[in-house]
Amino acid sequence: MWVCCALRWSRTAARLRPGLLLSAGRCSPAAASYSASAEPSQVQALVYEHHGHPTKAIELKNLELTAVGGSDVHVKMLAAPINPSDINMIQGNYGFLPKLPAIGGNEGVGQVVAVGSSVTRVKPGDWVILAHAGLGTWRTEAVFSEEALIRVPSDIPLQTAATLSVNPCTAYRMLMDFEQLQPGDSVIQNASNSGVGQAVIQIAAALGLRTINVVRDRMCPGPGLLSTASVGKAPPSCCSAWLYKVSLVLSQSEPHSSLISKLQKEPGSRDGNKGPGGTMVTYGGMAKQPVIASVSVFIFKDVKLRGFWLSQWKKDHSTDHFKELILTLCHLVHQGKLTAPTCSEVPLQDYNHALETAMHPFTSSKQIFIM
């Protein structure tokens, strides 16, 4: 199965609330003793009032924190990454766009400061992540409805918690939902040094799957393209043309194959060498290139082209299903089988530098805001 960014498997063996609280440090254990309060607070947020280039559209603003109602939860954000979907939303070319003005960020982890009188699923001191996109995580504090939050263990690393709800979820669902993979099966993916790619490697290893990992050609590929923790025993390749040689070998030896990939043209790939009945799944399109597949693979090899979007998966499944997915990933974290990608922690005030770095080609470290 190809995942674009690419994976190939072969059987060879909520509403925006205007509220943030200005804070330079992480929430202390004392937050667990806080109770609900109607007193307004001034907080900071990265806001965009129009779509455009992120460094021009985003502004750091002071906002008033909404009072905590009966079913509301006051959350101090601890960390929030910059993902490609965040950039696309600001640019105005994503599948879902929040109403403007909007606060940037779809992912992150926070700590509960106070809860309303009707809240039963979380308590002050708990770590929480957001169940839905478009609520805005690039802020120091916020008030969310209880239904918008999912509690996560506070004993997992901060960077892992902050990057848990997008890329690892995408990786897990693509590995589970498109082919019935068995231990010993192989997975080929391109863009394997991306956040999703690194998660695919680790989750596949936990499932007993082997991975073959391809990255784009670059002038000076260094040894850090894929971290040892992410790669495990799976050797990476720094040449996209190598994908053709691997797919040829696998297709000759096995009748079943599938690929997951990011939407981009692979100049060295040959779709004609995918095994019969294979599936190509595309989950991203940062390269803005079309998917290329010849007519012959549809006719003679019954190759299927599929797409995956986590937001649509969440629409098609209940919040309880998403919570189960998060708990499954947390279990892998506790087992030491899933870690965060390489991250660079950046203060919220340095947002312009972080956005520029996140948009730079061949960026090897995910930018993550620390509140």
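## A first stop inside the protein

Leaving out residues up to four places away in sequence, I326 touches I129, I150, V152, L164, S165 and C169. Keep in mind that this is a predicted model. The protein has 371 residues, and buried residues make up 54% of them. Its secondary structure comes to 11 helices and 18 strands.

**Nonpolar cores**

- In soluble globular proteins, nonpolar side chains tend to be buried together.
- The largest nonpolar core here has 43 residues. I326 is among the residues with the most contacts inside this core, along with V109, L175, I203 and L329.
- Helix α10, spanning residues 319–334, gives the most to this core, with 7 residues.
- Apart from this core lies another one, of 32 residues, and I58, V119, V122 and L130 are among them.

- The accessible surface of the protein comes to about 16,000 Å².
- Carbon and sulfur atoms account for 54% of that surface.

- How many of the residues of helix α2 are buried? The count is 6 of the 8 residues in this helix (residues 84–91), so α2 is largely enclosed by the rest of the structure.
- The buried residues of α2 are S85, D86, I87, N88, M89 and I90.
- You can look for what covers the buried residues of α2: the cover includes β3, α1, β4, β5 (72–81) and α11 (351–359).
- After α2 comes G92, which has a positive phi, near 90°.
- Helix α5 is mostly covered too, as 10 of its 12 residues are buried. They are G195, V196, G197, Q198, A199, V200, I201, Q202, I203 and A204. One of them, I203, is also among the residues with the most contacts inside the largest nonpolar core.
- From its first C-alpha to its last, α5 (residues 195–206) reaches 17 Å, close to the 16 Å expected at 1.5 Å a residue.
- Just after α5, G208 takes a positive phi of about 85°.

**Salt bridges**

- Side chains of opposite charge can pair when their charged atoms come close. The structure holds 4 salt bridges, and here is a look at some of them.
- E49 pairs with K61 in a salt bridge, and their closest N and O atoms are 2.4 Å apart. E49 sits in the loop between β3 (42–48) and α1 (54–57), while K61 is in strand β4 (residues 58–64), so the pair ties together parts that are 12 residues apart in sequence.
- Are E49 and K61 buried or partly exposed? E49 is partly exposed, at 45% relative accessibility, and K61 is partly exposed as well, at 26%.
- E146 and R121 meet through their side chains in another salt bridge, at 3.9 Å from N to O. E146 lies in the loop between β9 (141–145) and β10 (149–152), and R121 in the loop between β7 (109–115) and β8 (127–130), so this pair ties together parts that are 25 residues apart in sequence.
- E146 is buried, with a relative accessible area of 8%, whereas R121 is partly exposed at 43%.
- D177 forms a salt bridge with R173, with the closest N and O atoms 2.8 Å apart. Both residues lie in helix α4 (residues 167–177), 4 residues apart, or about one turn of the helix.
- An α-helix has 3.6 residues a turn, so residues three or four places apart point the same way.
- In this pair, D177 is partly exposed, with a relative accessible area of 36%, and R173 is buried, with 14%.

**Cysteines and one threonine**

- The structure holds 0 disulfides. C330 is in no disulfide, and the nearest cysteine sulfur, that of C169, is 9.1 Å away. A disulfide would need the two sulfur atoms to be within 2.5 Å.
- C330 is buried because its relative accessibility is 2%, under the 20% cut-off. C343 is buried too, with a relative accessible area of 15%.
- T160 lies in helix α3 (residues 158–162) and is buried, at 7% relative accessibility.
- Setting aside its neighbours within four places in sequence, T160 is in contact with V333, T339 and A340.

How values were computed:
Residues are numbered from 1 along each chain as its sequence is written. This is a predicted model: local features need pLDDT of at least 70, side-chain atom pairs count only at pLDDT 80 or more; totals for chains, interfaces and linings use all residues. Side-chain values use heavy atoms; hydrogens and water are left out. Buried means under 20% relative accessible area, exposed over 50%, partly exposed in between (1.4 Å probe, protein chains only). A nonpolar core is a set of buried Ala, Val, Leu, Ile, Met, Phe, Trp, Tyr and Cys residues joined through side-chain atoms within 4.5 Å. Helices (H or I, at least four residues) and strands (E, at least two) are DSSP runs, numbered from the N terminus. Contact means heavy atoms within 4.5 Å. The expected span of a helix is 1.5 Å times one less than its number of residues. Accessible areas come from the Shrake-Rupley method with a 1.4 Å probe; for residues, only the protein chains shown count as cover.
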